[in-house]
Every structure is written in structure tokens, then in C-alpha cells.
Amino acid sequence: MTTEPPVEHLDVLVVGAGISGIGAGRYLKTEHPAKRFAILEARGASGGTWDLFRYPGIRSDSDLHTFGYEFKPWRDEESIASAPRILNYLRETITENRLQDHIRFHHKVLSASWSSEQARWLVDVERGDTGETVQLSANWLFSAGGYFRYDEGFTPHFEGREHFTGPIVHPQQWPEDLDYRGKRVLVIGSGATAVTLVPAMAETAEHVTMLQRTPTYIMPVPKKDAFANLARKLLGEQRGYALTRRKNIWRQRAVWSFCQNHPKAARKLIRYVNAKQLPAGYPVDEHFNPPYDPWDQRLCAVPDGDLFRSLRSGDASVVTDRISTFTERGVALESGREIEADIIITATGLNVQPFGGIPLTVDGKPVHMPDTLAYKGMMLSGVPNFSFAIGYTNSSWTLKIGLLCEHFCRLLSHMDEHGFDICRPEPADPNMPTRPFLDFDAGYIKRAVDRLPRQGDRMPWLTSMSYHTDVKLLRGDQVIDPELRFARAQVPAGVAE
């Protein structure tokens, strides 16, 4: 007779060892040192996005004084930083907070099922290193895996793709041995990845062409924050970082509000800045004047105007047109023009995947994400003891992660103090009007909107994109709420069925 080994039980199971999961681990370690938690990572390394992407020039498009954690000062003199610098910062956070023993690599979550009777999640996990499937149970499941698929990026259908004789590369699967020195490179796309790739590859390629269907708003920003570096020298690391962080939070909000409230003036200002950066007589309106208003999609930041510098030098160029078909030598455009290339890079975006694509069931019933509402932008209606980390789309991602991790830890404390095992958001009005979870016009969001949760028309069912609103909601307000139901388990957590 064989006896099944007991299922390991944890207080909190964090999924993902990227910037959100590392942050969640630190808050748990600090606020709830007695709780047992693990951080599961499907890959073999920590860092998430900043370890996954390996394309040339990869960097942040937010300043690290707000993209970094509130509890850990950013000490580098470069405010807009490269991936290796960010990765070093994240791994320092792991070491400084002794999170190494909590992270389990090559652990991919396959599914999670909730039992209200036992008040726990039973989680199926695939071990990538051994090939076995194991089970873990947890009181809480915290999804920190971001919102896009790590195994593949988005590439639209390109007519005649098979005819091109050179390599076609998506930045998410960048080959280590790709040699583009002295080559003609065509980058398809004009988002954050494309505007990073073009100047980085232009340094050694023969020429880089950025081909876009429509222009993107692009603004030069200083790579080094002079205020931050001076504040650090005068006030010390902690106080200098805190002051710079407040300044940059205010600046981000001011820019976004100006663009939202005065789109015509914002468009004129951005165009003026672009024209100053480009050669005399450059067709600014053709290549840098989008048909939508500023911040309907995310603004692209270029540190020290590196993209414009590449255009001025002639090492790079921009073409605004549509692809008719790939050819043996490059791509033929709808205008009749052909762009010849040795290498084609499809910087065409991400595939959105909510909560790591993990199938959830509650008491045997599958959770259909579009039927759920986001509670305070961090939990789902009808799904007990489940929290998730989704950051801002209009400012630094991590600003929101810190606030919701704080709120999550306060929620755990409230449940401990009152002997509760179960926490489930439920809207008082089931017929409340709803709208998409993310009111954002980016293509990767629009492609996935029917697979995402929704938000309501009032708090706490609104997904706030305002740091100051969330400071009041997540840090200032009480944890208890009429639409957050607490209960006790029928069977003590951790007891086998």
C-alpha cells in the first residue's frame, strides 16, 4: 500500500518572481514575518521582464525613482536605466530581504482550485527541472506574473512572410547569435520596443529603418536626473530618493493630466519638441503626428533623444506605410515602394494573458474572467482569497504595486486579528454598469479586452490609474468594506480532504 505524501501548505503562494513578486515577497517578509510563503517562478531566473528580454538597448521607459520600490532607493546616476542595471537592483532586493529561500524556480502553475469548506487553494504545479507535477495548498493566492505571455509575443499575419530569405525575429525571442553588424535592418513597429531597438542597432548596423502604420508620440527625456543626483548628495540616499520620487510622481501626473485636459495644446507642444530634434525640412507630420490624442496610448520616452540622434545622423530612418507583402529581399508596401533588408525585426507587441493564464475554479466552478469585476484593482468578485498585481498604464508600474502590497498585508492582519479565513469581494448591485478593466487604446489591450475582468462605475469597483487616488484608497482607507465579505472555514486550513 502506497501513501501519498502530505500536500505542503503555505499561508501565501505568490506566482511570479519579477518586479511585482519580489515586491510582494518583501512586504510579506516585513509585515508578516511569521507567515509561510513561497514565490513560484516558471523560468530559471528571477527578474521577470528584465531577465526575459535580451534585445539590444532594452531599458525602462519610466524613471527608476518611481519604477523602483519605495523602500529601496535607486542609487544609480542614470534615471532611465538599462535592463542589466534594473536586474541588478531587483536581485539586490532579493538578497537584502533574504528572499532567496522563498523563491522556487522551474515551478509553473498549471491550475488552482478553491475550496470554501477548507478555505484554501489547491494548486497544481509543473516542475520544469524534474518534469513531475506536484501540489501545494495555500490560504491565499497572489498573482504577480504581469499581464503578458512570456512564451511568445504578438506577430500579426504578414502576407508572403515565407518568401523572405533572411532572419525574421521577434524581440521577445531574441537569438543570442544574431549578427547585425553592417546589415540592413527593418524594424516593424513604433512602440516602446521599436524606439529602443532602432538607435541601439543603428550604432553598428549599416542602416535601420523603422516601418510604422501610424506614428507614435515620442518625447526625449534626460537619461540622468540632475535633481535626483544632487538631492542624493545633499540629503543622503533615503531622503534624496524620497524627495525625487515625490517630484517625479507629481511630474508624471501633471504631464498625463495636461495631455488629457488639453490634448490640442499637448499635441502642438510634442510636435514642437520633435521638430527641434529632427533635421530641417523633415516631414514631422507624416512620421511623428499620430491620429489619436496624447496619452490615448502610452507616450514613448527616448533617453537623451537617442532615436532623433540616429535619424539626424542618417543611420536610421522612419517610413510610414502599410505592408502589402514580404518579398525575398524585404517588404513591398501599399504605396508601391519596397524596403530591402537583411534582417527583419517584428516589434509588433505583446500577447496579453491575464493572471498568467492560470485556470481558476471556485468550489468546482470555473472562473470566467469577463464575468468578474475588479475590486480596488487587486481582487476579483466572487473569487475568495485571490489577489493580483497590475500596475499603472499611465505612469510607473511599480507605484501601484507597492500600494496594493501594503493593502494586501493590512488585509491579512485584519483577518488574523478577527479570526477570519475567507475574504470574498461581492458587488452589492449585481446589475451595476461595467466597462473594460483597462480603459486604454493600445492594440495589445484591445485584442484581449474580451478575456479580461471588467470594472464597475463606482468605487471600490473602479480600477484607478491615479496614484494619489490609490494612496487614499489603499493606504488611507480601512480594509473593511460593505462589499468585502469575511467568513470562517468549516474545516481548518491545511487539513486534508
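Here are some friendly notes on the structure above, point by point.

1. Ground rules. This is a predicted model, so local features need pLDDT of at least 70 and side-chain atom pairs count only at pLDDT 80 or more, while totals for chains, interfaces and linings use all residues. Residues are numbered from 1 along each chain as its sequence is written, and side-chain values use heavy atoms, with hydrogens and water left out.

2. Aromatic rings. The count comes to 18 aromatic pairs, where rings of Phe, Tyr and Trp (its six-membered ring) pair if their centres lie within 6.5 Å. Look for the cluster in which ring pairs link Y27, Y69, F71, W74 and Y89.

3. A charge over two of those rings. The charged end of R26 sits 4.1 Å from the ring centre of F71, over that ring, and it also sits over the ring of Y27, 5.2 Å from the centre. The rule asks for NZ of Lys or CZ of Arg within 6 Å of the ring centre and within 35 degrees of the ring normal.

4. K72 and E96 meet in a salt bridge at 3.0 Å, N to O (a side-chain nitrogen of Lys or Arg within 4 Å of a carboxyl oxygen of Asp or Glu). K72 lies in the loop between helix 3 and helix 4, and E96 in helix 4, 24 residues apart; helices are DSSP runs of H or I with at least four residues, and strands are runs of E with at least two, numbered from the N terminus. K72 is buried at 3% relative accessible area, whereas E96 is partly exposed at 44%. Here buried means under 20%, exposed over 50%, and partly exposed in between (1.4 Å probe, protein chains only).

5. Another salt bridge to find. Which residue forms a salt bridge with E77? The partner is K224, with the closest N and O atoms 3.0 Å apart. This pair links distant parts of the chain, 147 residues apart.

6. Two strands side by side. Strand 22 (residues 422–425) and strand 25 pair in the antiparallel sense over four bridges; pairing needs at least two bridges found by DSSP. Within this pairing, R424 stands opposite R485.

How values were computed:
Rings of Phe, Tyr and Trp (its six-membered ring) pair if their centres lie within 6.5 Å; planes under 30 degrees apart count as stacked, over 60 as edge-to-face and the rest as tilted.
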